[in-house]
Amino acid sequence: MLMFKVNDVSRESTTENKWLEGIFYRSNSYGSKTNAQFALRIFDYIHSLDSEKLAIKISEEQIKQEKKPKIFIQVNIGNEDQKSGINKHNLVDFHKFCKKLDLDIIGTMCIPPNNNNTEKYFSEMNKINQELNFKELSM
């Protein structure tokens, strides 16, 4: 399987890359929530679902485009103000919200704090994934 990792998506990128159809794309971010419609055209995986607003937009677009990407929920595992993501204490409710929107949530992802204690956060993310019966974990 061939995969590309893309950190930003734009209207231009969705038209320029048509020759790569059938290749798995992974998006880490959109640049803005309004780009969700363009992201769904080319990405098979979304690694950074971090808000209800974005979940709703993806849900609307997957209905319009008849395409259902595989999604990772971004968890703010260290509860850091400078990082986006769902607080670990709100994760179960957010996952239920996503299921009601018929999103294909396959796992969680995080960027742990840079405090030389990453093993603690990786272990905690693994435990969270197991509790939610997710098979995929991206860190």
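This is a predicted model: local features need pLDDT of at least 70, side-chain atom pairs count only at pLDDT 80 or more; totals for chains, interfaces and linings use all residues.
Me: Stepping back, how many helices and strands does the chain have?
Reply: The protein chain has five helices and seven strands, and from the N terminus on these elements run β-α-β-α-β-α-β-β-α-β-α-β. Of its 139 residues, 42% count as buried.

Me: How do α3 and α4 pack?
Reply: Helix α3 (residues 52-65) and helix α4 (residues 91-100) pack at an angle of about 20°, and their axes are 10 Å apart. That angle makes α3 roughly parallel to α4, because angles under 35 degrees count as roughly parallel. The crossing in which α3 passes α4 is right-handed.

Me: New topic: how many salt bridges are there?
Reply: The structure holds eight salt bridges, and one of them joins the side chains of K64 and E61, at 3.4 Å from N to O. Both residues lie in helix α3, three residues apart, which is about one turn of the helix.

Me: Are K64 and E61 buried or exposed?
Reply: K64 is exposed, with a relative accessible area of 61%, whereas E61 counts as buried at 4% relative accessibility. These two residues are also linked with K57 in a network of salt bridges.

Me: And which residue does K88 pair with?
Reply: K88 forms a salt bridge with E124, and their closest N and O atoms are 2.7 Å apart. K88 lies in the loop between β5 (86-87) and α4, while E124 lies in helix α5 (residues 118-131), so the pair ties together parts that are 36 residues apart in sequence. K88 is partly exposed, with a relative accessible area of 29%, and E124 is partly exposed as well, at 21%.

Me: Which residue does E131 meet in a salt bridge?
Reply: The side chain of E131 meets that of K127, at 4.0 Å from N to O. Both of these residues lie in helix α5, four residues apart, and both are exposed.

Terms used: Residues are numbered from 1 along each chain as its sequence is written. Side-chain values use heavy atoms; hydrogens and water are left out. Axes are lines fitted to C-alpha atoms, for helices over the stretch in contact, and angles run from 0 to 180 degrees between N-to-C directions. Helices (H or I, at least four residues) and strands (E, at least two) are DSSP runs, numbered from the N terminus. Angles under 35 degrees count as roughly parallel, over 145 as roughly antiparallel, 65 to 115 as roughly perpendicular and the rest as oblique. A crossing is left-handed if the near helix is turned anticlockwise from the far one by less than a right angle, and right-handed if clockwise. Buried means under 20% relative accessible area, exposed over 50%, partly exposed in between (1.4 Å probe, protein chains only).
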